[in-house]
Structures are given as structure tokens and as C-alpha cells.
Amino acid sequence: MEKRKSIRLPEYDYSQNSAYFVTVCTHERKHILGSVNAQGDNGNVPNNSVGADIIRPPVTLTETGLLVQECISRINMIYPAVFVDKYVIMPNHIHLLLSIDNSCGRMISAPTLSRVVGQMKRAVSKNAGFGVWQKSFYEHIIRNERDYLEIWQYIDSNPYKWAEDEYNT
């Protein structure tokens, strides 16, 4: 069996204090998490953004999408040093803006980004009763405040741009 090539930076410590932009796709990019209202009916309250103060086209979540939302909301309870700054659940993928802050002192086993995302993916699939996710996930290490703010805006605008989204297959 051929070993998968890692897409992570080889010498980077993914448990260190930093912010990360994460994208996780559903298996075969199937639209199982919800649907986006193409008309942009803004009558619904945003369903899945921390700190959102704009109204976006509603993403109507399926039962599986609601499981994802629930598991994302538990990340900080399971990993107190990990904060979900922003997220969006789309029909076949999610975007997360996560911050790791181990400033309280290094734990015996500090959570790595892979551990946090892997635990969330396993919890969703276990509760759904089937494999929800593709293998691995995409991550980007946030390098500065401008990068952080651009990603925040990208997550906010993602539902509006669903028709042109690269993940909308």
C-alpha cells in the first residue's frame, strides 16, 4: 500500500499558539450538510457563525449538518486551549477559523490541529452512523492580522458566493 503524502509543513508544531484556517470536505463532496438558498432570502437568522453581525443567505442544515454544528460547538469544551473564532457549514464542506492558545502553560499533551479536527470529524461520523468526511483536510497557518481578517471575510461571504464556489460540484 502506498503511503499518503502529508500536506502539513514538516517541521511546524501544529500545537503552538497560532490561528488556522481549516477546510474539511464531505466524502466525494456530496451535498449532505445542507443547502444554500440561491435567492438569498434574508428572512432567516444566520445559523452557524460565531460573532456574525450580518445577515447572509440562509444555509438550511440537514440532520448531518446540525450534527456538524453541534460538534463544532463542543471543540472548546473538549480542548480548552482551542477557540472557534468563526465557521460556516456549506452543503459539502466546512470552513473553520481556529485559534490555539496554550499560554496557560504547556499541557502534557497539547492539542494539535490534526487532533482537534480529527476528533470533530470522528464525532460527526460516529453520530451520523456513516463516514461523512473525505480523508485529511486543508489548513492554512494564519500569518498576520491582515491574513486573519481576509479569512474572516471569506468565511462570512462564502454562502453568498456558493454559485461560483470551487467546492460546488
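Helices (H or I, at least four residues) and strands (E, at least two) are DSSP runs, numbered from the N terminus. On that basis V24 lies in strand β1, which spans residues 18-25. The protein as a whole has four helices and six strands. This is a predicted model, in which local features need pLDDT of at least 70 and side-chain atom pairs count only at pLDDT 80 or more, while totals for chains, interfaces and linings use all residues. Residues are numbered from 1 along each chain as its sequence is written, and side-chain values use heavy atoms, with hydrogens and water left out.

**Confidence**

- The mean pLDDT (the predictor's confidence in each residue, from 0 to 100) is 83 for the protein.
- A pLDDT of 70 or more is reached by 75% of the residues.
- Residues 40-54 have a pLDDT below 50. Beyond near neighbours in sequence, this stretch has 33 contacts in the model, where contact means heavy atoms within 4.5 Å.

**Overall arrangement**

- Read from the N terminus, the order of elements is β-β-β-α-α-β-β-α-β-α.
- Of the 169 residues in the protein, 46% are buried. Buried means under 20% relative accessible area, exposed means over 50%, and partly exposed lies in between, with a 1.4 Å probe and protein chains only.
- Among contacts with a separation of 6 or more, 71% join residues 24 or more positions apart.

**Packing of α1 and α3**

- Two packed helices are described by the angle between their axes and the distance between the axes.
- Helix α1 (residues 63-73) packs with helix α3 (residues 113-128) at an angle of about 140°, and their axes are 9 Å apart. Axes here are lines fitted to C-alpha atoms, for helices over the stretch in contact, and angles run from 0 to 180 degrees between N-to-C directions.
- The helices α1 and α3 are therefore oblique to each other. Angles under 35 degrees count as roughly parallel, over 145 as roughly antiparallel, 65 to 115 as roughly perpendicular and the rest as oblique.
- The crossing of α1 past α3 is right-handed. A crossing is right-handed if the near helix is turned clockwise from the far one by less than a right angle, and left-handed if anticlockwise.
- On the α1 side the contact is made by L67, V68, C71 and I72, and on the α3 side by M120, A123, V124, N127 and A128.
- The contact residues comprise eight nonpolar, one polar and no charged. Ala, Val, Leu, Ile, Met, Phe, Trp, Tyr, Cys and Pro count as nonpolar, Asp, Glu, Lys and Arg as charged, and the others, Gly among them, as polar.

**Residues in strands**

- V24 has 0% relative accessibility and so counts as buried.
- Y87 belongs to strand β4 (residues 82-89) and is buried, at 7% relative accessibility.
- Y87 and I155, 68 residues apart along the chain, have their C-alpha atoms separated by 6.6 Å.
- S35 sits in strand β2 and is partly exposed, at 41% relative accessibility.
- With neighbours within four places in sequence left aside, the contacts of S35 are P58, V59, T60 and P91.
- The C-alpha atoms of S35 and T62 are separated by 8.0 Å, for 27 residues along the chain.

**Residues outside helices and strands**

- Most residues other than glycine have a negative phi, and most peptide bonds are trans.
- E28, which is not a glycine, has a positive phi of about 60°. E28 lies in the loop between β1 and β2 (34-36) and is exposed, with a relative accessible area of 57%.
- S136, also not a glycine, has a positive phi of about 65°. S136 is in the loop between α3 and β6 (138-141) and is partly exposed, at 29% relative accessibility.
- P159 falls in the segment after α4 (145-157) and is buried, at 2% relative accessibility.
- The C-alpha atoms of P159 and V88 are 8.2 Å apart, although the two residues are 71 residues apart along the chain.
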